[in-house]
Each structure stands twice: as structure tokens, then as C-alpha cells.
Amino acid sequence: MQIVADENMPALDALFGPYAEIHTYPGREIGPEQVKDADILLVRSVTKVDRALLEAASKLKFVGTATIGFDHLDIDALNERGIRWSNAPGCNAEAVGEYVITALLTLAERESVALTGKTLGIIGAGNTGSAVAKRAGALGLKVLLCDPPLAEAGDERDFVELDALLAQADLVSCHVPLTQSGAHPTWYLLDESRLSSLKPDTWLVNACRGEVIDNRALIEVKRQRPDLKLILDVWEGEPNPITELVELTEIATPHIAGYSVEAKLRGNWLLLAQLKLELGIDQLPAFAQFVPASELATLIIDDGALSGEQWQRLAARVARLVYDIDAEDRRFRNWHTQEGGFDKQRKAHLNRREFLSLAIASEQRQWQSLGFESKRV
Ligand SMILES: NC(=O)C1=CN([C@@H]2O[C@H](COP(=O)(O)OP(=O)(O)OC[C@H]3O[C@@H](n4cnc5c(N)ncnc54)[C@H](O)[C@@H]3O)[C@@H](O)[C@H]2O)C=CC1
Ligand SMILES: O=C(O)C(=O)[C@H](O)COP(=O)(O)O
């Protein structure tokens with residue numbers, strides 16, 4: 001059994017090695033030539049699995065993407081050829097939730113803004129949107145959710161229309177898949193008119209797909225509205241974001257919101273679970289055995305007497321102890337204009353762990369709500 005895989009997928013040998021022969025390539029270079037003898041193709045979001053690739057892959061039985069997004073797979077072409085496929089729902093929900101919270105805390109610290117009492121509008125209330133919402137309460141944020149597909153499917157949470165959300169939210173965070181058809185397409189969901197309708201001083205976060213926001217319109221609107229603050233992890237035209245937009249952002253990163261050690265491993269492990277039959281696996285090995293031990297120990301925090309604003313500043317520092325988003329932002333501004341810089345930075349992304357890898361001993365319960373492991377003082 002031959003597996004062709006993106007070289008940026010961790011622990012491939014440990015996970016798939018016992019069952020198959022593995023050939024790896026840079027994700028953007030996987031094409032017809034690389035897959036011609038493959039039985040299984042494992043990719044991340046940068047590999048275009050299109051008709052031309054599938055035409056060459058006569059033995060292919062399964063395509064797995066270790067990501068939630070699957071806009072890089074031609075689903076019609078896979079279905080026409082009877083090739084089974086899967087993505088990895090939820091693999092990076094916690095990572096994205098923690099990225100957004102770390103970014104908001106960091107910008108709040110830079111701008112000397114108290115987050116408590118502000119309204120956070122979340123567009124797309126699936127895995128990643130819900131992970132943000134789950135943590136928002138710990139910061140005293142009021143949450144509004146917009147997700148027409150979930151509302152129509154009977155999800156019992158309260159939802160608002162998109163334009164109502166934009167009219168009320170102080171902070172807006174986007175968590176939708178990129179779609180161009182269906183009842184609720186998301187391509188340019190935030191177009192010039194919606195961007196112009198944002199409340200004064202809104203903070204806009206995009207950690208889903210660049211094309212969910214019209215990037216050229218965003219440049220125009222931000223030029224006229226410096227009050228808007230931008231946190232962008234995803235870009236139209238990756239791996240070549242528009243430089244002018246990068247320069248207009250407050251926090252800019254190279255599509256790494258979902259890049260925790262745990263998330264990448266979880267994505268691969270979910271695909272292994274999908275392949276039990278093809279690979280002849282009787283007993284699926286436990287996910288925990290592939291996760292390295294945490295390098296961070298317990299943090300003892302004496303924060304019982306801190307004011308809300310002091311605690312928020314402390315939370316920003318603790319979040320950056322786990323993941324230094326300031327350093328990522330600085331590196332991105334240096335690297336993204338260099339040839340291959342966007343992908344180079346993604347490859348060199350720090351070994352970022354999830355909040356759960358750090359135990360906090362404190363009398364305050366918010367640490368646990370933010371996702372940290374709790375220890376008794
Ligand atoms: N920057 C990064 O590293 C990452 C980016 N992503 C992107 O974020 C997207 C969301 O990820 P998940 O939350 O895990 O996916 P998900 O599938 O769990 O949730 C997406 C939600 O968006 C909703 N939705 C669809 N169309 C909508 C519309 N027009 N308006 C409002 N809501 C709509 C869906 O009903 C669903 O509940 C992925 O499709 C992917 O493109 C995901 C993980 C990491
Ligand atoms: O899960 C998704 O969808 C994502 O956007 C991934 O986290 C992005 O990672 P790469 O596939 O680009 O490595």
C-alpha cells in the first residue's frame with residue numbers, strides 16, 4: 001500500500017509507517033507525477049486535488065486532508081471516480097480559539113482597551129467559532145453568533161442575522177468555510193458595503209479563509225477608517241498576500257491560527273481512524289500516545305486581588321507564554337515579501353502547544369474557562 005503525503009504532516013512514520021510505504025513531498029508540489037502510484041493521498045490545505053491530479057492517480061482509493069477546510073479538494077471529481085475522501089473536523093478548533101483569544105488580548109494590551117463588556121460577533125458557529133465563544137466568557141465578552149445553516153438545522157443556540165451582528169459587534173471574528181455556491185455562500189461575505197457598515201472602532205479578525213473578505217475593499221475601507229483594527233491570519237492570493245494590506249493590519253500572521261502541535265497530530269490521527277479498513281488496523285492506537293510531553297510546567301499565580309484590567313493584562317502575558325503572537329507578527333512583516341517567505345514561516349512555525357499543556361494554580365476560575373489545565377493552589 002503506497003501513501004503519498006505532504007511532508008509537513010507530523011509523525012507520519014509513527015502513525016502510518018506500520019501499515020504502508022510513505023512518500024512525502026512539499027504540499028504545493030504534489031501533482032499528477034507524484035500520485036501516479038499512490039493508493040492513498042494525505043494532504044493539507046495547500047495541495048490542489050483537482051481533475052488533472054486525479055486523472056493521473058489510477059490506483060487512488062482515498063484522499064484525506066488533515067484540515068477542516070476542504071475547498072482545495074474537487075469533491076465532484078472525487079465522487080465521480082468513487083474515491084473516498086475525508087477532512088478532519090474539529091482537529092484544530094482549540095488552536096484557532098486560542099489564536100483568536102491571544103490576538104484579542106494582545107491588541108487590547110497594545111491599545112489599552114478593556115475587553116469586559118464588549119460584544120464579540122462570531123460569524124460561523126461550528127468547531128472553531130464555538131471554541132472562540134467558549135473562551136470569550138472568561139474575558140467578560142458578550143457573544144453574538146451568526147450561522148444560518150446551523151440555525152436552519154435546528155441548533156438551539158441563539159443566532160442573529162449577519163447585518164444585525166455587524167451593527168452591534170465591537171469585535172468581529174470570521175469562522176466560515178469558503179463556499180461559492182449553496183444557500184449561504186461565503187466568498188466575499190464581507191464585501192465593501194458590509195465592511196463600510198462596521199461600527200466605529202471595530203476590531204475585525206479573519207482566521208478562516210482570505211477570500212471570505214474582499215481584501216481590496218478592505219484596503220480601501222481601512223485607508224478611510226483607521227479606527228478599524230485588523231487581525232488577519234488568512235489572505236486572498238496566499239502565499240502572496242497583498243503587501244499593502246499586511247501593512248495596514250495590527251496583527252498579521254501566515255495562516256497558522258490552527259497550527260498547534262496537538263492540532264496537526266489530531267488531523268493525522270483522525271485520518272488514520274478513517275483508514276482502519278484499508279490499512280487493516282484492528283485496534284486504533286490511542287491519540288495520546290503520539291502527543292509529546294509538555295515542556296511547560298505549572299504556573300502558580302497569585303491573582304486573587306487583581307483588578308479586571310490587571311487580570312486581563314496578566315492573561316495576555318500568560319497566553320503569549322504559550323504562543324508568542326507578537327514574535328510571529330514581527331517575523332511575518334519581515335518575511336512575507338521574500339521569495340517563498342510565507343511558506344517558510346509556516347514551516348518554521350514555533351512548536352506551539354495548546355493552553356491545556358500549561359497547568360495554572362490560581363484562585364481565579366477564568367484560567368480554566370480559557371482552556372488552561374487547572375491545578376489546586
Ligand atoms: N487559519 C487557520 O489556520 C484555519 C482556518 N480554518 C478555516 O475556518 C473554517 C471554519 O472552521 P471550523 O469552524 O472548524 O468549520 P466548521 O465546519 O466546524 O464550522 C463552520 C461553520 O460555518 C457555518 N457557515 C457556513 N456558511 C455560513 C455563512 N454564510 N454564514 C455564517 N455561517 C456559515 C457552518 O454552518 C458551520 O457551522 C474552515 O472551513 C477553514 O476554512 C479552520 C481551521 C484553521
Ligand atoms: O484546517 C484548515 O482548514 C486550515 O486552514 C489549516 O489549519 C491550514 O493549515 P495548512 O493546511 O495550510 O497547513
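These legends walk through a few views of a predicted model. Local features need pLDDT of at least 70 and side-chain atom pairs count only at pLDDT 80 or more, while totals for chains, interfaces and linings use all residues. Residues are numbered from 1 along each chain as its sequence is written, and chains are lettered from A and ligands numbered from 1 in the order in which they are written.

**View 1. The whole protein chain.** Here you get 17 helices and 14 strands (DSSP runs numbered from the N terminus: helices are H or I with at least four residues, strands are E with at least two). The C-alpha trace spans about 60 × 50 × 45 Å along its principal axes. The radius of gyration is 21 Å, which agrees with the value near 21 Å for a compact globule of 377 residues (it is taken over C-alpha atoms, and the globule rule is 2.2 Å times the number of residues to the power 0.38).

**View 2. The largest nonpolar core.** This core has 105 residues; such a core is a set of buried Ala, Val, Leu, Ile, Met, Phe, Trp, Tyr and Cys residues joined through C-beta atoms within 7 Å. Buried means that 20 or more other C-beta atoms lie within 10 Å of a residue's own, with C-beta atoms placed from the backbone. L41, L42, V100, A103, L104, I122 and V205 touch the most other members. Helix α5 (residues 93-111) brings the largest share, 11 residues.

**View 3. Around I122.** Take away the neighbours within four places in sequence, and I122 is still in contact with G129, V132, A133, V143, L144, L145, S173 and H175 (contact means C-beta atoms, placed from the backbone, within 7 Å).

View 4. Ala, Val, Leu, Ile, Met, Phe, Trp, Tyr, Cys and Pro count as nonpolar, Asp, Glu, Lys and Arg as charged, and the others, Gly among them, as polar.

**View 5. The shell around ligand 1.** Of the 33 residues here, G69, G124, G126, P177 and G258 come nearest (a residue is near if its C-beta atom, placed from the backbone, lies within 6 Å). The shell divides into 18 nonpolar, 12 polar and three charged residues. At least two residues come from each of α5, α6 (127-136) and α7 (148-152).

Methods. Buried ≥ 20, exposed ≤ 12 C-beta atoms within 10 Å, placed from the backbone. Contact = placed C-beta atoms within 7 Å.
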